[in-house]
Amino acid sequence: MKVRLPLIVAVLSAWIAGATLGSISGPVAADAAASVQVGKVRANYVPDLEGDDPIFILAIGSDARVDDGTPVERGLGDSIHIIGINPQDNTASILGFPRDSWVDIPCFGQGKINNALASGGPECMVETVEQLTKIKIDYWMLTSFDGVKDGVDEIGRLTLDVPFTMHDSYAKSDFTPGTYDLRGYDVLAFGRDRHSFSQGDFARSENQARIMIAALAQYQDEFSSDPSRMLDWISVGMRAVETDLSLDELVRFGFAATAFNPKKVQNIVVPGSIGMEGEQSVVSITSAAQPIYKDLAKHGYVEKKHLPPSPTAGE
């Protein structure tokens, strides 16, 4: 029997992590907290969730803020993650890109990858990532930063394993290693912290994916104990996600997600080095990323020999 990770559960878990996917230095746009926008990249193509081909979702976190009136789809894309799903092997991966990665942006020119959203919306970000990786994206998902607290609090709490000490006055994180049942405020702090780590934004990107994986694991645990909890998650998701999926589809997807193993989700950050472009500090993605892209495009996951070191190893 084939088991698949459905789109809606990837969306729900990423939405719960949505406000952590980047940095915050001010209030966000009032409408940004209301929803996640989900769009198909190719209008006439619907991926087969039981087929042989991998499925790819580009999750984008916008830094849109109310003080400058920037729409969520024109903020800086301060978080970029490809969620890859292999329906046949029942495996998945999350590949993160540091926001300062220096890349070619089709609608802008060369610049930091987070400028792709501000320059041309989600479509430009998709085009940029596709050009960079040669991976064809099936769906894009756009979130803003506000709403994670309310979202997690509506679910109840999020159980999260923190493997290292974290103290960041900017992000307001304050953790010692252990397992925590966190309210939304503290989930936000965990995902925003970059100053506790020698690898900065590389570490933060990995931690953002940790939140997504924790949400998947908790969804399964809660469903196992009380199947009616699936309806609570779907209810929260329907209030938070703009999508044309029907309630029937959401329920079927929710049942399918109960069989997916979160421990099989790879958490990867694209390898890179810090450098300068003029007066700008940037990330240069290294050639070690190429086999990662190729594996992901072919399988939806990365072969062990091509996995880069964890940016939080040794913390």
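The dialogue below takes up cores, cavities and salt bridges in turn.

Tutor: Keep in mind that this is a predicted model.

Student: Where should I start with the packing?

Tutor: Start from the general idea that in soluble globular proteins, nonpolar side chains tend to be buried together. Here the largest nonpolar core has 29 residues, and those with the most contacts inside it are Leu58, Ile82, Leu95 and Met125. Two or more residues each come from strand S2 (55-62), strand S3 (77-86), strand S4 (91-97), strand S5 (102-105), helix H2 (115-133), strand S7 (139-143) and helix H8 (289-299). The most is given by H2, with 6 residues.

Student: Which residues is Leu58 in contact with, apart from its neighbours within four places in sequence?

Tutor: Leu58 touches Ile80, His81, Ile82, Met125, Val126, Val129, Ile137, Tyr139, Trp140 and Met141. Another core lies apart from the largest one; this other core has 15 residues, including Val162, Val187, Phe197 and Ala215.

Student: How many residues of helix H4 are buried?

Tutor: Helix H4, residues 184-192, is mostly covered, with 7 of its 9 residues buried. The buried residues in H4 are Gly184, Val187, Leu188, Ala189, Phe190, Gly191 and Arg192.

Student: How do I look for empty space?

Tutor: Rolling a probe the size of a water molecule over the atoms shows where empty space is left. In this model there are 4 cavities of 30 Å³ or more. The volume of the largest cavity is about 70 Å³.

Student: Which residues line the largest cavity?

Tutor: Its lining is made of Asp78, Ser79, Ile80, His81, Phe97, Pro98, Arg99, Asp201, Arg204, Ser205 and Gln208. S3 and helix H5 (200-225) are the elements that give two or more residues to this lining. By type, the lining divides into 3 nonpolar, 4 polar and 4 charged residues.

Student: And the charged pairs? How many salt bridges are found in the whole structure?

Tutor: The search finds 7 salt bridges. For each pair, check the distance, the place in the chain and the burial. Lys112 and Asp100 form one with their side chains, at 3.6 Å from N to O. This pair links distant parts of the chain, with Lys112 in strand S6 (residues 109-112) and Asp100 in the loop between S4 and S5, 12 residues apart. Lys112 and Asp100 are both buried.

Student: What about a pair inside one helix?

Tutor: Take Arg210 and Glu206, a salt bridge whose closest N and O atoms are 3.0 Å apart. Arg210 and Glu206 are separated by about one helical turn, because they are 4 residues apart in helix H5.

Student: Is Glu206 buried or exposed?

Tutor: Glu206 counts as buried because its relative accessibility is 4%, whereas Arg210 is partly exposed, with a relative accessible area of 22%. The cut-off that decides this is 20%: buried means under 20% relative accessible area.

Student: Which pair could I set beside that one?

Tutor: Consider Glu303 and Lys305, whose side chains meet in a salt bridge at 4.0 Å, N to O. Glu303 is partly exposed at 29% relative accessibility, and Lys305 is exposed, with a relative accessible area of 66%.

Student: Which residues are linked in a network of salt bridges?

Tutor: Salt bridges join Asp78, Arg99, Arg194, Asp201 and Arg204 in a network. Asp78, Arg99, Asp201 and Arg204 are also among the residues that line the largest cavity.

Methods:
Residues are numbered from 1 along each chain as its sequence is written. This is a predicted model: local features need pLDDT of at least 70, side-chain atom pairs count only at pLDDT 80 or more; totals for chains, interfaces and linings use all residues. Side-chain values use heavy atoms; hydrogens and water are left out. A nonpolar core is a set of buried Ala, Val, Leu, Ile, Met, Phe, Trp, Tyr and Cys residues joined through side-chain atoms within 4.5 Å. Buried means under 20% relative accessible area, exposed over 50%, partly exposed in between (1.4 Å probe, protein chains only). Contact means heavy atoms within 4.5 Å. On a 1 Å grid over the protein atoms alone, a cavity is a set of points where a 1.4 Å probe fits but cannot get out, and a pocket is an open set with protein on both sides within 12 Å along at least five of seven lines; lining residues have an atom within 4 Å of a point. Grid points are joined across faces, edges and corners, and a volume is the space filled by probe spheres set on the points. Ala, Val, Leu, Ile, Met, Phe, Trp, Tyr, Cys and Pro count as nonpolar, Asp, Glu, Lys and Arg as charged, and the others, Gly among them, as polar.
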